[in-house]
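I opened a new notebook page for this structure.

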Amino acid sequence: MSRHLRRVIAAILIPFAAAVLIGLAVLWPGGAPAHERTGVGFDRQTQHATVTKVVEVSCQSVNASGGVPTGDTSTAEGSSAQQQADGTCEKATIRVDTGNDKGRTFNEIVQPDQSRQLSEGQEVVVAYEPSAPEDLQYSVTDVNRRFPMALLAGIFALAVVAVGRLRGVMALVALAISFLVLNFFILPAILQGSNPLVVAVIGASAIMLIALYLCHGLSARTSVAVLGTLISLLLIGVLGSVFIDWAALTGNTDDNTGLIHGLYPQIDMSGLLLAGVIIGSLGVLDDVTVTQTSAVWELHEANPSTGWRGLYRAGIRIGRDHIASVVNTLVLAYAGAALPLLLLFSIAQSSVGTVANSELVAEEIVRTLIGSIGLVASVPVTTALAALVVSADRPAASTTAQGQPLAQAQGHGQAPDVRPAAGRGGRGRRRKR
């Protein structure tokens, strides 16, 4: 790449990288602030345990009340109570494997209509409440899924390395660094009261710089992808700030966000929502910008005489196909995450307008549309940047056989006299016909 273009790109990216480093240094937290556990939701002390014994018992003998509360078995509540009174329950003996009470056992009754049934030898997660009576201090909250999750992660890593080889290894390293930035900077900084939008922008920028340059190398092609991603992120930030405020989205829509607001009232929940939009869009943006930049570079390699307009037109044709698939992917990803909520609205036979107007769904709609606008905008922006950079690159070594610059000869419509390299038949000299 020519020295002039290197200087231009460096003049843009070096101050940006310096600003990201300064932001990391200024906002770097000392860890998540401590608080007294509430015992609600995820804010509970948990330990690992194992189910040592399961026996069948009569539900009527272990339930405090076996009657039907509503008196009507046609209702869901009445039917469940009747089933518990007449059915067969399970009494599980559970041994605590970690913590100060390691080796302690307790019993838990599993009702026949519970979605989670226990089996002997099963590893579980138990919650500990020290203020409760001794026989009620421990209760099963979830199944221990460490082994299947670790196995799946290992299969994923092997697949990435097997197909991507060195690039796959670098991608896994970048993924690990992204998790480190998220866990040691973004989350603790937000909990300490820093502006979620500023923290998300700085954290996402750091992740973008590390991931792109680590995976794709320090080159002009990667730098153009970084610039395209940065411009698109700025657009997403501006649109998100405007429409989240305009739509009066609070970001406090479920039990988890309510618990966060209760524990840390200084956190701006609407800003947290916008931070989630920015971070969630970053991964797909990287894919689009890198693909578009590579497409333009390959088009230039195939036909170096093509000007920037021709490169842009060819690249944008590739980008249109990319837009159609990526936007559909993003919408389906958000729809899949909100599928249980959409089912509830369908059961209630709510109209489309009522569903879309509710804050829970409106958040997902705004998140999807803002992210999609940023993705769509990244295609022409990145394609134009790549076309301008690659067409402006005229290294001094690219000359014709007569010593005339290649770009000048092509600009005058002259065909460059490019002599064939030395090969098997001509020692580098042109054959006589």
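Pocket entry. I worked on a 1 Å grid over the protein atoms alone; there a pocket is an open set of points with protein on both sides within 12 Å along at least five of seven lines, whereas a cavity is a set of points where a 1.4 Å probe fits but cannot get out. A residue counts as lining when it has an atom within 4 Å of a point.

A note on the model before going on. This is a predicted model, so local features need pLDDT of at least 70 and side-chain atom pairs count only at pLDDT 80 or more, while totals for chains, interfaces and linings use all residues. Numbering runs from 1 along each chain as its sequence is written, and side-chain values use heavy atoms, with hydrogens and water left out.

Back to the second largest pocket. I found 19 residues in its lining. Nearest its centre lie Leu-175, Ser-178, Ala-211, Gly-283 and Asp-286. Helices α4, α5 (196-216) and α8 (269-302) each supply at least two lining residues. Helices (H or I, at least four residues) and strands (E, at least two) are DSSP runs here, numbered from the N terminus.

Record entry. I checked UniProt next. The unreviewed entry lists "transmembrane region" for residues 147-164, 171-191, 197-215, 227-249, 269-285, 323-348 and 368-390. UniProt positions are given in the numbering used here, feature names are shortened, and annotations may be inferred rather than shown by experiment. I took two of these spans to the model. Residues 171-191 are 100% helix and 0% strand, with end C-alpha atoms 29 Å apart. Residues 227-249 are 87% helix and 0% strand, and their end C-alpha atoms lie 30 Å apart.

Surface entry. Which residues form a nonpolar patch on the surface? I noted Val-161, Leu-166, Val-169 and Val-173, with about 300 Å² of accessible area together. Patches take residues with over 30% relative accessible area and no salt bridge; nonpolar side chains (Val, Leu, Ile, Met, Phe, Trp, Tyr) are joined within 5 Å, like charges within 9 Å. Areas come from the Shrake-Rupley method with a 1.4 Å probe, and for residues only the protein chains shown count as cover. Val-169 sits in helix α4 (residues 146-191). Its relative accessible area is 33%, so Val-169 is partly exposed. The cut-offs: buried is under 20%, exposed is over 50%, partly exposed is in between (1.4 Å probe, protein chains only).

Backbone entry. Most residues other than glycine have a negative phi. I logged two exceptions. Arg-165 has a positive phi of about 55°. Arg-165 lies in helix α4 and is exposed at 65% relative accessibility. Ala-248 also has a positive phi, near 55°. Ala-248 belongs to the loop between α6 and α7 (255-263) and is exposed, at 54%.

Salt-bridge entry. I counted a salt bridge when a side-chain nitrogen of Lys or Arg is within 4 Å of a carboxyl oxygen of Asp or Glu. How many does the whole structure hold? The search finds five salt bridges.

- Asp-97 and Arg-95 meet at 3.0 Å, N to O. Asp-97 is partly exposed at 22%, and Arg-95 is partly exposed at 32%.
- Arg-104 pairs with Asp-101, closest N and O atoms 3.4 Å apart. Arg-104 is partly exposed at 22%, and Asp-101 is partly exposed at 23%.
- Arg-145 pairs with Asp-142, closest N and O atoms 2.9 Å apart. Arg-145 is partly exposed at 41%, and Asp-142 is partly exposed at 25%.

- Leu-233 and Ser-205 are 28 residues apart in sequence and 9.0 Å apart in space. Leu-233 is in helix α6 (residues 220-246) and is buried at 8%.
- Val-390 and Leu-311 are 79 residues apart along the chain, and 9.1 Å separates their C-alpha atoms. Val-390 is in helix α12 (residues 359-392) and is buried at 4%.
- Ser-119 and Glu-90 are 29 residues apart in sequence and 9.6 Å apart in space. Ser-119 lies in the loop between β3 (105-110) and β4 (123-128) and is partly exposed at 39%.
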